[in-house]
Amino acid sequence: MEQKRKMRAAGPIRITLPAKVAYSPDALKESIASVMERIGCPKCFSGADCFFQMERSFVLDASLNADPSPQPSRAVTGFAARQSHEYTVGLSQGVKHDINRVYRAVDKVIDIIGAHPCISGFDILFKDVLQTIVIPENLEAQAFDQRF
Amino acid sequence: MNLPELGVGLIYSSALEPLLTEAPDLINVLEIEPQTLWAEQKEGEVPYVIPPELDEHLASLPGRKLVHSVGTPVGGSIQSYEAQMPLLRDAVEKLQAPWASEHLSFNLTDDFFTGFFLPPRQTEEGVLVYAEAVRKLRAGLGVPLAIETGVNYLRPRADEIPDGAFMAAVAEEADCGILLDLHNLYTNQRNGRQTIEAFLADLPLERVWEVHLAGGFEVEGFWLDSHSGAVPEPLFALCQEVIPNLPNLKAIIFEIFASFLPQVGLETVRAELEKLRGLWELRGAQPVGNNQRNSRPATYPDVAPISPHEWEKALGKLVIGRSPETALEADLAKDPGVPLVQSLIKEFRGSMVVQVYRLTCRLLMLALTPDVFRVILEDFWSQTPPQQFAASEAEAFGDYLVAKNLRLPQLQNILAFERATVRTLTDGKPRLVHFNVDPLPILRALSEGRLLAEPGPEGDYEIEITPEGPLTISPRYEAVRYGRS
């Protein structure tokens, strides 16, 4: 890995952002109403708020270098899939619903790649842990040997 | 009741503003949901704030305005409207709304918000309790009040007054108007509750001042009131028969949830408004008194002595995922509508968090996979009840993440940045957030939905979040980042 450059000048480097711009990269095009709608009380309706699924699709698509624009149709499909409890998580059944094991798995990855890894490195290793060794129930370290 | 005829319009959403500009003649009235534009301040001098420029902006939009409250429902034994009343009344006055409306539903128990509008206890006691809530809210607002017919995903119960008769009883006891949400009734009918025809046969139609229409879709055998597009054809056909029987109809409002606009497009909204204008022309075509309303029984038997308060406590507890303990809770837990509402509440809660802390959530999804992020959210939901406002829900999730101290690179910095930003948006105070690496490449990558391939240069960086003003970057940033002097 390329050696990280260090900034040695005295005092912090400051970036000043108006809150509205900080909140959204497109904020200059956004009205204050749209910003407030995101932090206010949800609107009146009794259906499925598809925004969560849209974000999920957006992240998955962006990571595959596909069209990253959020697609409500796929969000709705995702919601329907979730209703049938068809999770695609690469965790073993015993780990999947045990949050403590999930957090221990994260810690294990950190232990392997060091205290200040770049985020992408974490991503690659964590996904490998999830998808390749499918975190065993006992989270034993030898499982990593199967991959590396 | 001498109310003005307003015509056809929309529930306001900022995403619909291009249509307001392009086709102002198509929209006679905008219905504002004030609480959707407020920021909650749990530690501020006042509990809720709205940017002053937003008040002015709303007033400047075309058409007359109505106020549709979404935070003070009247179908519960516990109300929370005292804190909201000053801003709510302010909205009514500034927007010069001739009437306001609220939901005959509940969203609050003794201990928590439910995160969803839930059906009231439909008994004689419920009629008295909710009518009193209507009177109090109306007195606080200072204008006539209409109550909305709600969605109910539960099966009909033997120990409750039928839906139409219950709505009629509350409206007559409180002497208020009715907001007839026909898509809500269509949803209830599709899901096995009373038919629209039977509901209307029990209703004092002269009390209907306003109609709501929307579209939905089916999931797992349930029709959802999702406000996702055009009014279903069978419902539109029924409207052509119902609208002429509403002698005091003053407004027809189309509802669409902004998240679906990228899919359906503004042209669908425009087309629906044109169809609604056709319906509007049918209003009051039948002579008053033509409605053959069912006569109301003197009393309805309470088979089970379940009070509104007990009902709200039991149902509220179940839908946020807590285990049944009492006989009523065990009985309600068998209803297939309960797991559906549990799922919908989770989607709401997840949507609130990802909308407010978008970059933090993207980092978690990208680094840990979306499914592990979901497992984390499930853990958070199991520990913390829903919040009424999105920023507060996100704040609670932020507290959870801080307590977990997840060792994910940059997570705490990104979270601190987004928390500071939302807090500054709410209270107008500037804040500083520190980073130990150049933050801009990380923020840019996450806003594009990707992780950073290479970390930026390490160093002492700070981002100052200000309530307003220009974006400025220290000249030293350029020098360090790009080697420029």
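Visitor: What makes the largest cavity lie between domain 1 (7-290) and domain 2 (339-474) of chain B?

Guide: Both domains give residues to the lining of that cavity, so it lies between them; the domain bounds come from an automatic or database domain assignment. This is a predicted model, in which local features need pLDDT of at least 70, side-chain atom pairs count only at pLDDT 80 or more, and totals for linings use all residues. Residues are numbered from 1 along each chain as its sequence is written, and chains are lettered from A.

Visitor: Why is this space called a cavity?

Guide: On a 1 Å grid over the protein atoms alone, a cavity is a set of points where a 1.4 Å probe fits but cannot get out, and lining residues have an atom within 4 Å of a point. The largest cavity has a volume of about 200 Å³, a volume being the space filled by probe spheres set on the points, which are joined across faces, edges and corners. Among its 16 lining residues, Cys41(A), Pro42(A), Asn107(B), Gly115(B) and Phe116(B) are the closest to the centre.

Visitor: What makes the residues of this lining count as nonpolar, polar or charged?

Guide: Ala, Val, Leu, Ile, Met, Phe, Trp, Tyr, Cys and Pro count as nonpolar, Asp, Glu, Lys and Arg as charged, and the others, Gly among them, as polar. The lining of the largest cavity accordingly divides into ten nonpolar, five polar and one charged.

Visitor: What is the volume of the second largest cavity, and how does its lining divide?

Guide: The second largest cavity holds about 160 Å³ of space, and its lining has eight nonpolar residues, six polar and one charged.

How values were computed. Side-chain values use heavy atoms; hydrogens and water are left out. On a 1 Å grid over the protein atoms alone, a cavity is a set of points where a 1.4 Å probe fits but cannot get out, and a pocket is an open set with protein on both sides within 12 Å along at least five of seven lines; lining residues have an atom within 4 Å of a point.
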